[in-house]
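Here are a few exercises to work through with the model open in your viewer. Try each task before you read the solution.

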Amino acid sequence: AKNEAKKSFGDSRVFIEKFIEDPHHIEIQIIGDQFGNYLHLGERDCSIQRRNQKIIEESPSPFINTKKRDLMANQAIALAKSVNYFSVGTVEFIVDKNKKFYFLEMNTRLQVEHPVTELVTGIDLVEMMIRVASKEKLGIEQNEISFFGSAIEVRIYAEDPTRNFMPSAGRLTRYSPPKELSLKSKIIRNDSGVFEGSDISLKYDPMISKLCAWSDNRDKTIEL
């Protein structure tokens with residue numbers, strides 16, 4: 001392999017990646033300000049994917065416990081501190097069947113699936129990101145952040161199931177999203193930028209909305 005790399009690329013270095021059996025894709029939401037203060041806002045489980053594209057995301061993860069979450073969060077914050085990162089960010093991990101976790105990447109932006117974190121924490125991530133960018137200090141401590149209930153986000157795509165779920169472009173002739181609601185016992189949130197008559201273009205991601213549900217436990221949220 002080193003010889004082939006040297007011939008093809010002029011560089012004989014070889015990187016060996018660990019093969020992870022039965023992997024779970026779990027990420028930690030963090031935020032840091034410009035004064036060295038950092039918080040984590042729990043985890044999101046993004047294991048249900050197609051063609052390496054997330055489809056369903058939820059918080060909390062049904063796979064890991066609070067102790068494992070805290071270990072992962074500590075590593076995520078240590079990473080952010082090491083590069084003096086400030087703003088909202090997501091540190092992504094691969095977790096194996098024995099719940100050992102391995103760093104995958106860090107996304108230095110707001111994630112598509114951020115609403116599930118907002119639903120279980122009650123914290124507006126967009127507002128926090130703007131405040132940090134405005135050189136404000138984080139106004140809360142880690143022990144003030146609590147996690148309640150279960151939130152699930154489903155990405156709704158314009159795809160053709162007869163063509164292996166490839167993107168389906170064209171005019172959106174009918175669009176009837178569920179009614180949004182916000183009650184103490186349940187929340188339905190649909191983040192969307194389309195309407196009947198919109199064009200679905202092949203130039204962009206075919207996702208047309210993010211349908212989110214929240215209740216006090218996972219079974220009820222799935223029912224919603």
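**Exercise 1. A residue in strand 2**

Which residues does E43 touch, not counting residues up to four places away in sequence? Work out as well whether E43 is buried or exposed.

Solution. Keep in mind that this is a predicted model.

- Step 1: E43 sits in strand 2, which covers residues 38–50.
- Step 2: list the neighbours. Leaving out residues up to four places away in sequence, E43 touches I26, E27, I28, E58, S59, P60, S61, I64 and R69.
- Step 3: check the cover. The relative accessible area of E43 is 2%, and buried means under 20%, so E43 counts as buried.
- Step 4: look for a polar partner. The side chains of E43 and R69 are joined by a polar contact of 2.7 Å.

**Exercise 2. A residue in strand 11**

Find N190 and say which strand it belongs to. Then decide: is N190 buried or exposed?

Solution. 

- Step 1: N190 is part of strand 11, residues 186–192.
- Step 2: its relative accessibility is 10%. Since the cut-off for buried is under 20%, N190 goes down as buried.
- Step 3: with residues up to four places away in sequence set aside, N190 touches Y175, P177, E180, S209, K210 and L211.
- Step 4: pick K210 from that list. N190 and K210 are 20 residues apart along the chain, and their C-alpha atoms are separated by 5.6 Å.

**Exercise 3. Pairing up charges**

- Step 1: E136 with R131. Their closest N and O atoms are 3.0 Å apart. E136 is partly exposed at 33% relative accessibility, and R131 is partly exposed too, at 40%.
- Step 2: R163 with D160. This salt bridge has an N to O distance of 3.3 Å, and R163 is partly exposed at 45%.
- Step 3: R171 with D199. Here the N to O distance is 2.7 Å. R171 lies in strand 9 (residues 170–171) and D199 in strand 12 (residues 199–200), so this pair ties together parts that are 28 residues apart in sequence. R171 is exposed, with a relative accessible area of 55%, and D199 is exposed at 56%.

**Exercise 4. Zooming out**

How many helices and strands does the protein chain have?

Solution. 

- Step 1: the chain has 5 helices and 13 strands.
- Step 2: its C-alpha atoms fill a box of roughly 55 × 50 × 40 Å along the principal axes.
- Step 3: of the 224 residues, 39% are buried. The chain exposes about 13600 Å², with carbon and sulfur atoms supplying 51% of that area.
- Step 4: take the contacts with a separation of 6 or more; residues 24 or more positions apart account for 64% of them.
- Step 5: finish with the charges. There are 32 positive and 33 negative ones, and their mean positions are 3 Å apart.

Methods:
Residues are numbered from 1 along each chain as its sequence is written. This is a predicted model: local features need pLDDT of at least 70, side-chain atom pairs count only at pLDDT 80 or more; totals for chains, interfaces and linings use all residues. Side-chain values use heavy atoms; hydrogens and water are left out. A salt bridge is a side-chain nitrogen of Lys or Arg within 4 Å of a carboxyl oxygen of Asp or Glu. Buried means under 20% relative accessible area, exposed over 50%, partly exposed in between (1.4 Å probe, protein chains only). Helices (H or I, at least four residues) and strands (E, at least two) are DSSP runs, numbered from the N terminus. Contact means heavy atoms within 4.5 Å. Accessible areas come from the Shrake-Rupley method with a 1.4 Å probe; for residues, only the protein chains shown count as cover. Lys and Arg count as positive and Asp and Glu as negative; His and the chain ends are not counted. The place of a charge is taken as NZ of Lys, CZ of Arg, CG of Asp or CD of Glu. A polar contact is a pair of N or O atoms within 3.5 Å; within protein, one must be able to donate a hydrogen and the other to accept it, and residues adjacent in sequence count only if both atoms are side-chain atoms.
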